[in-house]
Amino acid sequence: GADFRHGGKFMADRFKDFARGLTAPASDAFAVTAHDSTDFPLAARALYVGRPGDVSLETLEGNEVTFVGVAAGTILPVSAVRVNDTGTTAGDIVGLL
């Protein structure tokens with residue numbers, strides 16, 4: 001991490017000298033638009049699912065997988081490069097970085 005600007009003011013990152021572990025919180029997030037061929041600009045380290053349903057995705061390793069019956073409010077701890085439109089019925093999905 002590094003120091004950064006937020007809302008026009010300088011914010012110090014007290015943890016910039018520490019490695020980000022797998023259990024570290026996300027440092028950023030983005031709204032996911034499901035698409036069958038367009039990958040995210042950056043791989044997500046996890047996905048937040050806001051509305052329940054199935055989530056079809058491609059993993060960072062290139063595998064296609066569908067998580068069936070994902071409850072609202074679930075965080076899927078899987079590195080994903082894309083959420084597929086086909087096979088995804090869940091909604092309000094957010095990529096965590």
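The second largest pocket of this predicted model has a volume of about 180 Å³. Its lining comprises Leu 22, Ala 24, Pro 25, Ala 26, Arg 45, Ala 46, Ile 75, Pro 77, Ser 79 and Leu 96. Nonpolar residues account for eight of these positions. One polar and one charged residue complete the lining. Under the classes used, Ser counts as polar and Arg as charged, so these two places belong to Ser 79 and Arg 45.

The protein chain contains nine strands and zero helices. Along the sequence, its pattern reads β-β-β-β-β-β-β-β-β. Of the 97 residues in the chain, 29% are buried. The accessible surface amounts to about 6300 Å². Carbon and sulfur atoms contribute 56% of that surface. Contacts were also examined by sequence separation. Among those between residues at least 6 apart in sequence, 59% join residues at least 24 apart.

Salt bridges were then searched for across the whole structure, and four were found. Side chains of opposite charge can pair when their charged atoms come close. Arg 82 pairs with Asp 39, with 2.8 Å between the closest N and O atoms. Arg 82 belongs to strand β8, which spans residues 80-83, whereas Asp 39 sits in the loop between β3 (29-31) and β4 (46-51). The pair therefore ties together parts of the chain that lie 43 residues apart in sequence. Arg 82 has a relative accessible area of 8% and is buried, because the cut-off for burial is under 20%. Asp 39, at 41%, is partly exposed.

Arg 82 also meets Glu 58 in a salt bridge, at 2.6 Å from N to O. Glu 58 is located in strand β5 (residues 53-59) and Arg 82 in strand β8, so this bridge ties together parts 24 residues apart in sequence. Both Glu 58 and Arg 82 are buried.

A further salt bridge joins Glu 64 to Arg 82, where the closest N and O atoms are 3.0 Å apart. This pair links distant parts of the chain, with Glu 64 in strand β6 (residues 64-70) and Arg 82 in strand β8. Their separation is 18 residues. Taken together, Asp 39, Glu 58, Glu 64 and Arg 82 are linked in a network of salt bridges.

Key:
Residues numbered from 1 in each chain as written. Predicted model: local features only at pLDDT ≥ 70, side-chain atom pairs only at ≥ 80, totals over all residues. Heavy atoms only, no water. 1 Å grid on protein atoms, 1.4 Å probe; cavity = no way out; pocket = protein on both sides within 12 Å on 5 of 7 lines; lining within 4 Å. Points joined across faces, edges and corners; volume = space filled by probe spheres on them. Salt bridge = Lys/Arg side-chain N within 4 Å of Asp/Glu carboxyl O. Helix = DSSP H or I, 4+ residues; strand = E, 2+ residues; numbered from the N terminus. Buried < 20%, exposed > 50% of the residue type's maximum accessible area, 1.4 Å probe, protein only. Contact = heavy atoms within 4.5 Å. Areas by Shrake-Rupley, 256 points an atom, 1.4 Å probe, with all protein chains shown as cover.
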